[in-house]
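Here are some notes to go with your first look at this one. Open the structure alongside them and take the points in order.

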Amino acid sequence: MKLKSLILGSVAAAGLSTAGFAADLGVLTSLDVCDDLGLSGLTISSDTNCLQISGGVEYEFNFGNFNLSTPIVTFQGIKNIDAPSSVAGSNNDWNSKVVSWLKFVGTASSDFGPARTVIKLKNEHKTAYTNGAQTTADTYDVVIDEGYVQVGDATVLSAGKKGSIFNKGDDEPFNFTGLFAASDADTGVVGSRDGSQSALFPTVGGHVIQVESSLGNGVAAKVGLEKLESTGTLVGVLDYAGDSITAHISGAVGGILDGQATTVADDLYAIHAGMTGTFDQFKLRAALAAGGSYVSGNQSSYLNGLISAEGSFDMFKIAASAEVLSVTTAGGVRTTGYGFGGSVGATVTDGVTFNLGGRYFGEDVNGSGAGYQVAAQIVADVTETLKATAEVGVYGRTDRTVAVALTGTSDVYGKAELAWAPGGGFTSSLGATVQQNGAYKVTFKAAKSFE
């Protein structure tokens with residue numbers, strides 16, 4: 001009994017002394033400094049600084065037989081679909097990936113506006129197995145994904161390790177299947193070192209010095225020196241955001257520090273422009289990207305554009321899109337491909353939506369190496385926290401001499417997913433895809449972030 005009383009008394013004493021102890025450490029439980037700076041979320045304040053803490057974890061697991069691939073759109077290797085392997089022993093493929101991050105933003109007042117220090121720690125741990133054998137080794141390293149200082153309000157100066165200011169938005173097609181070249185290029189026209197034209201896009205981000213300024217009336221200008229740990233890239237952006245229109249143009253020139261244009265991998269340029277207009281029940285989007293090498297004797301370049309429109313009419317939504325991708329090789333040979341897509345969506349009942357659509361892409365007017373997809377999809381809110389999605393479709397090639405599946409030049413597939421969002425920022429999903437060619441994949445995902 002005496003021991004119990006002693007424990008209870010100690011807890012009470014600790015509770016009464018917490019505020020004084022925190023004050024002695026210079027850490028206050030009040031949010032006065034954070035409130036003065038207009039900051040919220042998970043914060044800790046001292047006399048002069050507000051520290052915001054955010055983070056998150058994403059997990060994904062895939063299992064099945066999907067390690068091989070079959071080309072659908074052969075132009076620039078734009079689209080491949082999964083295909084099964086058939087070897088002696090195990091045909092099972094699986095991979096497991098965990099991405100975790102933790103971000104700290106310390107903010108204080110200055111004569112030029114809020115002054116910030118940003119540090120983001122990140123770890124990506126992934127293992128992959130093909131036909132039962134490990135093909136990707138474990139990675140455990142925690143890296144400093146971002147580490148920079150920043151000051152300003154209407155005009156902001158940033159320096160350190162940071163993402164790029166290069167704007168590659170306003171370029172995603174509205175139709176639900178999207179477009180083939182757009183799906184290959186970061187879901188839009190070429191705007192990153194991803195997809196078939198990745199080797200012709202300059203490296204951006206990394207070690208940077210950036211200035212961003214709001215010019216008023218929705219106009220903002222940005223300029224930055226990026227990739228300063230390498231040969232350097234100059235980036236400039238002009239943005240506009242109005243009541244019904246958003247638009248931008250971004251430009252980047254790589255290899256500016258060494259003073260000579262000799263390295264094809266670094267001496268590259270890129271332009272990305274996009275516009276989205278919303279007019280009552282109609283939406284219109286147009287985007288254009290161009291880039292390549294400026295090294296003498298190397299004429300590698302690309303030109304990629306798309307246009308997309310959407311109309312909403314009571315229960316129905318109609319969308320149509322078109323794209324072009326033109327590529328010139330180092331030898332001066334130019335090839336061009338064209339694609340289009342469309343979809344119709346209907347609200348069947350409250351919480352149930354049906355989509356029907358397709359897409360096509362082929363080289364030149366003859367459509368050589370052309371591929372297509374036709375799909376039907378239904379999305380239903382099972383409960384307030386559960387959403388079910390089911391889709392059936394077919395991928396195919398117009399070239400009758402090349403087999404995509406055992407039955408010929410097309411591959412029928414079906415997939416289903418159950419997504420769960422119980423609240424608190426937690427999301428999870430379980431899905432499966434089965435293909436006519438024998439490939440299949442089961443996917444589980446879960447994620448939670450905090451701020």
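This is a predicted model: local features need pLDDT of at least 70, side-chain atom pairs count only at pLDDT 80 or more; totals for chains, interfaces and linings use all residues.

**Strands, pocket and rings**

1. What about strand 19, residues 352-363? Strand 19 is joined to strand 20 by 11 bridges, and these two run antiparallel. If you want a spot to check by eye, look for N355, which stands opposite Q377 of strand 20.

2. Now the largest pocket, which holds about 740 Å³ of space.

3. Which residues lie nearest the centre of the largest pocket? They are Y395, Y413, K415, T433 and K441, out of 30 residues that line it. Sorted by class, the lining has 11 polar, 10 charged and 9 nonpolar residues.

4. On to the aromatic rings. Searching the whole structure turns up 9 aromatic pairs. One of them is F166 with F201, an edge-to-face pair with 5.3 Å from centre to centre and 90° between the planes. Why is this pair worth a look? F166 is in the loop between strand 9 (155-162) and helix 3 (180-184), while F201 is in the loop between helix 3 and strand 10 (206-216), so the pair ties together parts 35 residues apart in sequence. F166 and F201 are both buried.

5. Elsewhere, look for a cluster of rings: F63, W94 and Y129 are linked by ring pairs.

6. Where is K120 placed relative to W101? K120 lies over the face of W101, 5.0 Å from the ring centre. For K162, the ring in question belongs to Y148: the charged end of K162 sits over that ring, at 5.6 Å from its centre.

Conventions. Residues are numbered from 1 along each chain as its sequence is written. Side-chain values use heavy atoms; hydrogens and water are left out. Rings of Phe, Tyr and Trp (its six-membered ring) pair if their centres lie within 6.5 Å; planes under 30 degrees apart count as stacked, over 60 as edge-to-face and the rest as tilted. Helices (H or I, at least four residues) and strands (E, at least two) are DSSP runs, numbered from the N terminus. Buried means under 20% relative accessible area, exposed over 50%, partly exposed in between (1.4 Å probe, protein chains only). A charge sits over a ring if NZ of Lys or CZ of Arg is within 6 Å of the ring centre and within 35 degrees of the ring normal. On a 1 Å grid over the protein atoms alone, a cavity is a set of points where a 1.4 Å probe fits but cannot get out, and a pocket is an open set with protein on both sides within 12 Å along at least five of seven lines; lining residues have an atom within 4 Å of a point. Grid points are joined across faces, edges and corners, and a volume is the space filled by probe spheres set on the points. Ala, Val, Leu, Ile, Met, Phe, Trp, Tyr, Cys and Pro count as nonpolar, Asp, Glu, Lys and Arg as charged, and the others, Gly among them, as polar. Two strands pair if DSSP finds at least two bridges between them.
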